Amino acid sequence: MAEPLLRLEDVTARYGPVTALHGISLHVGEGEAVAVLGANGAGKTTTLRSISGTVRRAGTIAFGGKSIARRSPEAVARAGIAHVPEGRGTLTELSVHDNLRLGAYTRRDRKAMAEDERRVLAHFPMLRERASQRAGTLSGGEQQMLALARALMLRPRLLLLDEPSLGLAPMVVAEIFRIVRELNEREGLAVLVVEQNAALALEASSRAYVLEVGRVAVEGSSADLRRDEAVRRSYLGY
Amino acid sequence: MLLALDWTQLAQQIVIGLASGGVWATLAVALVLIYRSTGVINFAQGEMAMFSTFIAWSLVHHGLSYWGAFALTVVISFAGGIAVERTVIRPVERAPVLTVVIVTLGLFFLVNGAARWIWSPETRSLPNAFSTRPIDVAGVAFSIQDLGTIAVALAAVGLLWLFYRFTKLGLASRAAALNPEASRLVGVRVSWMLALGWGLAAAMGAVSGMLTAPALASFDQNLMQPVLLYAFAGAVLGGIDSPLGAVAGSLLLGVLINLLGTYVDWIGGELRLPVALAVILGVLLVRPAGLFGRPVERRV
Amino acid sequence: MRSRALGIVVWLTTAAAAVLAYLLMPSFVSDFHSRGLAEAGAYFVAIIGLNLLTGYTGQISLGHGALMAIGGYTTAWLMVHEHWRDVWTIPLAGLAAGLVGFLIGLPALRLSGLYLALATFAFAVSMPSLLKKFSGITGGGQGLRPIEEAPLQITGLSGTVTILGHSVTQNDFLYYLSWGLGLVGFVIAWLLVRGRVGRTLRAVRDSEVAAASAGIGLARTKTLVFALSGVYAGVAGALVAIQTEIVSPLSFTFVLSIVILVGAVVGGLGSLPGMVLGALFIEYLPDISTRVSQKPGVPDFVYGVAIILVMILLPTGAGGLLKRLARPLTTRLYLRP
């Protein structure tokens, strides 16, 4: 098998004395959309944090063949991984426009950046209307869109999405996932999405991992997991 | 009563007040820069500014013009501020806030001592930045010195504002201070942004010192201590999280103190600062976040 | 059960050792050092007070030097104008400063963090000017001079003092006085911090909102702690006045407030035993710095470097280090085997 875009092998992570991940292994191929599911506290968010370097971790984490297990969050971002964290991480004091500009911080290609800004705003028209507004005045759904847009401005090779549906109305959530699918299918952006709403996540991904108490309990194609009643009932809650 | 007011004198005193306020404003902005990024009031800001002023003196002493020395000192101070942050502040980046406060207090003694060690404690003087002639504006005589001081102070603050508002680095710096975690995720090297803040603050401090010294017949290593007090007071009056507020607050404070000193008899030289502080406290009790500060929301 | 007993034994031994050290110290040090230690003792009392305020309720004060001034001037005034014996003025000095502390605590409720720092800073900076302004009571720039105007009220003026049948020098007496009060103050603070009051204080420090919703009278707690902290400062100021036998606006400048804060943080906020080390640190560091070199500026430079190094190496102060070292002992105390 060719080296996948992202490969985690036996990754552990801890918050102080508490170990949250007990040896996770997963991979994401080029252009793949993969979901990470599980109940609260299963370690889904921690998995993303291990990749972006915002938690203490150990183990093998390779991106594009190179190890990023010891890199700082800034360096991971520079390598081309955009992490949209839980709670969105929008800079509420800055304007929408500034948030987007910040997303492109690591880039130097002026013309392509302007191109990207156009394209991103095409995906999220309501952001264009609110360009000079303080990000904190946006609604929850709009902030999620902004966080996603900002991540895209980085022109990432891999997008990490943490609980995009949290606290949002179903219509907004549907829209967000539609955009994510479009980005994945049309532009070949690899996506690793963490979600509690398993049904949605399985619709939008081709493969999925189910975590339980810091370990991978089940893995497989999303289609299979969707059909498997036992898995759905015990791990996915529906 | 109003008609009996001497408008000429009032205008002159206001300008004088603005000149002092302008000097305090540059140091106040330095304090705000560091407060926003590091969360502490840098008690050594004044001493660092004093050190810069002595560097300027040495440059002038070696033949540079005032403005040549001014420019070079600003650059040197910028580098110095970054160096201070990397050596002394970085090790305590994650320590409790009061620990960092004590570090800045230690820095206060360190820098003051170093200045007295390198340049002995005798008094010196800097040449005047501007001509000492008065200038006539609409029939009222103002000192060019005062007007020039206001202009330079506002220019310095203005340049800083342009940097933060329009450059990528300025944006990253602001972001790093507002939300370091989120900034890291877009690739901002937050730690270096902190250093940048200290560098810019030191540069602003240098401006403050070099505007303070020429106005005095002579100065020594205690030059900036009163300035720090007034700058701190002005920044808090305007709202410590807002550079604009710090400038406005300092200018206001300058005018206020000068007018009080001129028009209210029992406030002699001794009581100027305490009275000013009392006024500020009064303001804070009514508007706890300062005149232009944003009220802090308490997240429950 | 056994580790519990062990813990208690350790505790008792430490307490006994401390008391023994206190009683026997003057026999091991010169008379000159007794005087220095006496001053350290006064700092110790002030630092405990500041620790209660900042370390336990998280309120910053840059004005403890000024509260000490209140205590010191009360003592001097009572000695000079009312001819009180120096030692008996101490309770009143504490109360006076405590009252002022209470008054500061009231508006402090509206302010937090930086703004409180500014308010207390304003108080400290203004104190010398205020003392000079109200010269009728305070003696203005000259201050009050018990050594000249009320020498009979000074204990040990003759050079020796008799305590419980033993004759000691005046400096030894001053040492016993300040550290004696320091121990008493320490025990009181320790009892407060251990019990219900301590939990209240920590609740206020850690989360005001949570504490308020738990029904703790926020305003009352914060002002009372300010008052208590003031009492400690007042007693410390009284001790300083008694030791120096003069008070003037220069005795209690803003620098003193800073030095007390440094002592509290170096000692370790939230740790009472660390306060001893904090007091010794601020008492002896200036001396040590001067000993490095007498050239202008070098002592201050060394002083600053020392403070910075200590903070870098021990960010939580000496108290933090002590807690880490004692953890093997204390965890065994509280965990069931």
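Reply: The largest nonpolar core of this predicted model has 192 residues. Such a core is a set of buried Ala, Val, Leu, Ile, Met, Phe, Trp, Tyr and Cys residues joined through side-chain atoms within 4.5 Å, where buried means under 20% relative accessible area (1.4 Å probe, protein chains only). B:Val188, C:Met68 and C:Val262 have the most contacts inside this core. Helix 2 of chain C (residues 31-57) gives the most to the core, 14 residues; helices are DSSP runs of H or I with at least four residues, numbered from the N terminus.

Contact here means heavy atoms within 4.5 Å.

Between these two chains, 23 residues of chain B are in contact with 24 of chain A. The buried area is about 2,000 Å², with 61% from carbon and sulfur atoms; this is the accessible area (1.4 Å probe) that two parts lose on being put together, summed over both. On the chain B side, B:Lys168, B:Leu185 and B:Val186 lose the most area, together 34% of what that side buries.

The interface also holds two salt bridges, each a side-chain nitrogen of Lys or Arg within 4 Å of a carboxyl oxygen of Asp or Glu. A:Asp98 forms a salt bridge with B:Arg174, the closest N and O atoms being 3.6 Å apart. Helix 6 of chain B supplies the largest share of its side, seven residues.

Residues are numbered from 1 along each chain, and chains are lettered from A in the order written. Local features need pLDDT of at least 70, side-chain atom pairs count only at pLDDT 80 or more, and totals for chains, interfaces and linings use all residues, while side-chain values use heavy atoms, without hydrogens and water.

Terms used. Buried means under 20% relative accessible area, exposed over 50%, partly exposed in between (1.4 Å probe, protein chains only). Helices (H or I, at least four residues) and strands (E, at least two) are DSSP runs, numbered from the N terminus.
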